[in-house]
Amino acid sequence: MKMTFRWYGKDNDEVTLDKIKQIPGVEGVVWSLHDMAAGESWPIERIKEVKKQADEYGFNIDVVESVNVHEDIKLGLPTRDKYIETYIETMEKLATVGVKCICYNFMPVFDWTRTELYKKTEDGSNALFFEKSKIEDIDPVELINKLSKNVDVTMPGWEPERLEKIEESFKAYSDFTAEDLWDNLKYFLEKIIPVAERLDIKMAIHPDDPAFDIFGLPRIIINRDNIRRFLSLVDNKHNGLALCTGSLGSVITNDIPSIIREFSDRIHFAHVRNVKVFENGDFIETSHRACDGSVDIVEVMRAYHESGYEGYMRPDHGRHLWGEEKWCRPGYGLYDRAMGIMYLLGIWDQLEKNKE
Ligand SMILES: [Mn+2]
């Protein structure tokens with residue numbers, strides 16, 4: 001297992017490389033060019049710049065999270081071929097600096113979704129929270145109103161220009177089914193996986209977060225059966241998973257340690273974090289510790305260890321501690337993620353010791 005830490009880039013992240021360097025066990029930074037829109041071909045100079053910055057600290061840049069997939073590819077529009085071409089161009093450029101794993105997702109319109117970014121918890125910290133009833137059966141127009149007034153629903157990183165396009169996006173997805181999404185994902189994979197194989201880049205799809213349909217839009221990377229179907233769309237090691245315990249953990253019936261054991265040879269990137277799921281389906285992000293949430297993180301680590309996992313891992317989101325919500329990105333403060341790493345490495349070290 002190779003431990004990594006997400007870094008949003010120079011002048012774009014208060015959690016700087018200086019700080020990350022002081023966290024034990026981090027071998028590489030998980031990065032992206034966050035200002036590139038989906039469908040753009042990434043400039044090679046910018047890619048080389050990140051490589052140089054990471055080199056100074058002795059971090060690898062093996063994992064990119066994410067190269068985003070253009071909506072036209074998900075929708076299966078005639079313009080998709082053009083965007084698949086630019087996707088491949090970016091893959092080729094990333095290969096030249098030694099990138100080994102590209103994370104992406106295939107969720108229509110929305111990325112991860114929460115109803116509250118700074119929900120106060122009992123100990124005074126705050127965390128990302130999802131209140132199911134607030135967005136159940138919401139209609140697109142109501143959603144747009146709520147988003148623009150910033151009440152009830154929050155989409156991190158949704159700039160106003162993109163918000164204006166939501167109505168259009170919803171129209172594009174009317175009468176669009178999960179089967180359509182499967183077809184379009186297969187089409188995409190059939191084009192990019194041969195390239196990934198040639199470049200020896202492992203493609204890693206991130207599960208949908210939360211792992212159920214929202215706003216009437218289909219979500220498909222949500223459970224064991226669907227992951228099995230996904231892997232068989234193109235049965236090639238380079239077509240793999242970024243297994244996120246927090247996303248799959250939003251649905252209590254997902255037995256994550258057992259999912260890890262079944263698909264371990266196709267998991268290239270592991271996001272490890274905990275969530276507490278309530279009886280009504282709401283969930284809140286917690287510390288990484290097993291007893292704090294609904295996901296048994298000790299068993300998750302045991303499943304990876306017993307599978308001989310050699311891929312990349314990172315602590316995923318953290319709570320916001322000691323006032324850091326004033327400056328950190330939602331879910332991406334320093335303290336809880338750093339403590340998360342120590343917890344994960346503590347478990348891992350013990351498992352290694354048990355082998356002796
Ligand atoms: Mn994740």
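In this predicted model, I192 touches I84, Y87, I88, M91 and M203, when residues up to four places away in sequence are left out of the count. I192 is also among the residues with the most contacts inside the largest nonpolar core, together with V29, I102, A204 and V300. That core has 81 residues. The greatest contribution to this core comes from helix 9 (residues 178-199), which gives seven residues. In soluble globular proteins, nonpolar side chains tend to be buried together.

Helix 9 also holds W182. The C-alpha atoms of W182 and E356 are separated by 45 Å, and the two residues are 174 residues apart along the chain.

**The chain as a whole**

The chain contains 14 helices and 12 strands. Its radius of gyration is 19 Å, close to the 21 Å that the globule rule gives for 356 residues, so the chain is as compact as a globular protein of that length. Taken along the principal axes, the box filled by the C-alpha atoms is roughly 55 × 50 × 40 Å. Of the 356 residues, 43% are buried. Contacts between residues at least 6 apart in sequence can also be sorted by separation: 71% of them join residues at least 24 apart.

Strand 6 (residues 126-130) is joined to strand 11 (residues 283-285) by two bridges, and to strand 5 by three bridges. Both of these pairs run antiparallel. Strand 6 is mostly covered, with five of its five residues buried. Strand 5 and strand 6 form a hairpin with five residues between them. In the turn, G124 has a positive phi of about 95°.

| Residue | Partner | Strand of the partner |
|---|---|---|
| K119 | A127 | strand 6 |
| F129 | I284 | strand 11 |

**Helix 12 and its surroundings**

Which residues of helix 12 (residues 256-263) are buried? They are I256, I259 and I260. When the helix is seen down its axis, these buried residues fall within an arc of 100°, so they line one face of helix 12. The elements that cover them include three helices named here by number: helix 10 (224-233), helix 11 (245-248) and helix 13 (297-306). Strand 8 (239-244) and strand 9 (267-272) are also among the elements that cover the buried residues of helix 12.

Technical notes:
Residues are numbered from 1 along each chain as its sequence is written. This is a predicted model: local features need pLDDT of at least 70, side-chain atom pairs count only at pLDDT 80 or more; totals for chains, interfaces and linings use all residues. Two strands pair if DSSP finds at least two bridges between them. Helices (H or I, at least four residues) and strands (E, at least two) are DSSP runs, numbered from the N terminus. A nonpolar core is a set of buried Ala, Val, Leu, Ile, Met, Phe, Trp, Tyr and Cys residues joined through C-beta atoms within 7 Å. A residue is buried if 20 or more other C-beta atoms lie within 10 Å of its own, exposed if 12 or fewer, and partly exposed in between; C-beta atoms are placed from the backbone. Two residues are in contact if their C-beta atoms, placed from the backbone, lie within 7 Å. The radius of gyration is taken over C-alpha atoms; the globule rule is 2.2 Å times the number of residues to the power 0.38. The arc is that of the directions from the helix axis to the C-beta atoms.
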